[in-house]
Amino acid sequence: MNVFADLHIHSSFSDGTLTPEEIVARAVQHDLQALALSDHDSVDGCERMAASCAKAGLEYIPACELTAEQEHEELHLLAYFMDPTDPAFLEKIGQFQTVRQNRIREMVSKLNRLGMPVEVQRVFTLANCRAPGRPHVARALVEKGLCGSADEAFDRFLKRNRPAWVPKFRMCAADGISLIHQAGGLAVLAHPGLNHSDECIPVLVEAGLDGMECIHTKHSTSMSEHYLEVADRFGLLVTGGSDCHGRTKNGPLLGTIHLPYQHVEKLKQAVTDRRRRPAVAPAPDSYGILFQD
Ligand code: AMP
Ligand code: ZN
Ligand code: FE
Ligand code: FE
């Protein structure tokens with residue numbers, strides 16, 4: 001029997017709309033047997049996801065999606081098999097959550113100054129999590145009838161360089177990779193096809209990158225083939241996922257990506273091998289420095 005995984009999913013613990021239980025129920029219908037919940041800057045959903053997977057007989061993989069930058073370009077790092085209770089990891093993502101919450105306040109202030117009467121408390125209530133983001137601001141704008149859709153909210157106000165956009169602090173990619181490694185995890189470059197260019201890849205590999213998300217909903221077939229070739233060239237592990245955010249306008253993306261389980265096996269082997277080697281400590285003068293968008 002063929003076994004499949006989806007290693008990139010967001011829940012209501014970040015900017016997705018489905019609970020971990022709803023994700024698992026849908027995954028069963030779509031013949032997925034291994035799942036990674038990869039919420040932005042949060043592992044708060046991990047316990048419920050693990051319990052729900054166990055109940056349904058699915059394999060659960062701890063994960064998280066972090067925002068970083070390389071040469072001033074934003075990129076996303078996926079952490080896999082890190083210890084979601086690691087104190088240093090939790091402290092760092094706690095800082096990212098605080099940054100997110102402050103950013104929401106700033107975005108709402110900007111919207112208010114633009115004559116858009118959204119309330120910061122309403123955004124936090126809609127978000128109902130410690131890692132709020134722009135999609136929650138968009139939902140508040142739509143709820144008030146100030147925008148017709150989330151897309152409109154992003155296009156008019158929330159996208160980079162739009163009037164309510166606020167830059168987000170982000171760590172440099174090498175620090176992100178070290179952070180993931182010290183928590184016992186593997187660092188994977190998320191959706192490289194959505195990045196500005198491939199120029200960052202050799203630098204990330206040098207910094208210890210373990211894998212690349214070659215398969216992603218927004219990758220065309222030729223893009224996936226290209227990144228499979230790049231991953232092979234640099235000796236990187238291959239991952240893939242839907243990046244499902246739940247109930248969006250075309251329905252949940254869960255079930256659109258079926259990553260063959262052999263890739264999960266390779267990840268597990270790599271994490272076992274990594275744990276046998278001592279973690280490389282980050283340079284003391286660089287660790288923890290945050291750069292602005
Ligand atoms: P943030 O982490 O607060 O910067 O928000 C980024 C998230 O916003 C992404 O993960 C997507 O879920 C969502 N997003 C980004 N661009 C758009 C867009 N144009 N329309 C709707 N959602 C978007
Ligand atoms: Zn998101
Ligand atoms: Fe992402
Ligand atoms: Fe994502």
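User: How far apart are the zinc ion (ligand 2) and the iron ion (ligand 4)?
Analyst: This is a predicted model in which local features need pLDDT of at least 70, side-chain atom pairs count only at pLDDT 80 or more and totals for chains, interfaces and linings use all residues, while side-chain values use heavy atoms, leaving out hydrogens and water. Residues are numbered from 1 along each chain as written, with chains lettered from A and ligands numbered from 1 in written order. In this model, the zinc ion (ligand 2) and the iron ion (ligand 4) are separated by 4.8 Å.

User: Which residues are the protein donors of the zinc ion (ligand 2)?
Analyst: Donors are N, O and S atoms within 2.8 Å of the metal (3.2 Å for Na, K and Ca), and sites may look incomplete because water is not among the atoms. For the zinc ion (ligand 2), the protein donor atoms lie 2.1 to 2.7 Å away.

User: How many residues apart in sequence are the parts tied together by histidine 40 and histidine 245?
Analyst: Along the sequence, the donor residues of the zinc ion (ligand 2) follow the spacing D-x24-H-x204-H. Histidine 40 sits in the loop between strand S2 (34–37) and helix H2 (46–56), and histidine 245 in the loop between strand S8 (237–241) and strand S9 (259–260), so the two tie together parts whose separation in residues is 205. Helices (H or I, at least four residues) and strands (E, at least two) are DSSP runs, numbered from the N terminus. The separation asked for is therefore 205 residues.

User: Which residue bridges the iron ion (ligand 3) and the iron ion (ligand 4)?
Analyst: The iron ion (ligand 3) is coordinated at 2.1 to 2.2 Å by Glu65 (OE), His76 (ND1) and His191 (NE2). The iron ion (ligand 4) has His8 (NE2), His10 (NE2), Glu65 (OE) and Asp243 (OD) as protein donors, at 2.0 to 2.3 Å. The two iron ions lie 3.4 Å apart, and the residue that bridges them is glutamate 65.

User: How many residues apart in sequence are the parts joined by histidine 76 and histidine 191?
Analyst: The donor residues of the iron ion (ligand 3) are spaced E-x10-H-x114-H in sequence. Histidine 76 belongs to strand S4 (residues 73–80), whereas histidine 191 is in the loop between strand S6 (186–189) and helix H8 (200–206), so the pair ties together parts whose separation in residues is 115.

User: What is the spacing of the donors of the iron ion (ligand 4) along the chain?
Analyst: The protein donors here come from His8, His10, Glu65 and Asp243. Read along the chain, they give the spacing H-x1-H-x54-E-x177-D.

User: At roughly what angle do the axes of helix H3 and helix H4 cross?
Analyst: Gln101, Ile104, Arg105 and Val108 in H3 are in contact (heavy atoms within 4.5 Å) with Val120, Val123 and Phe124 in H4. Axes are lines fitted to C-alpha atoms, for helices over the stretch in contact, with angles from 0 to 180 degrees between N-to-C directions. The axes of H3 (residues 87–113) and H4 (residues 120–127) come within 9 Å and cross at roughly 135 degrees.

User: Which residues of H2 make the contact with H1?
Analyst: The axes of helix H1 (residues 20–29) and H2 come within 9 Å, crossing at roughly 35 degrees. From H1, the contact involves Pro20, Glu21, Ile23, Val24 and Val28, and from H2 it involves Arg48, Met49, Ser52, Cys53 and Ala56.
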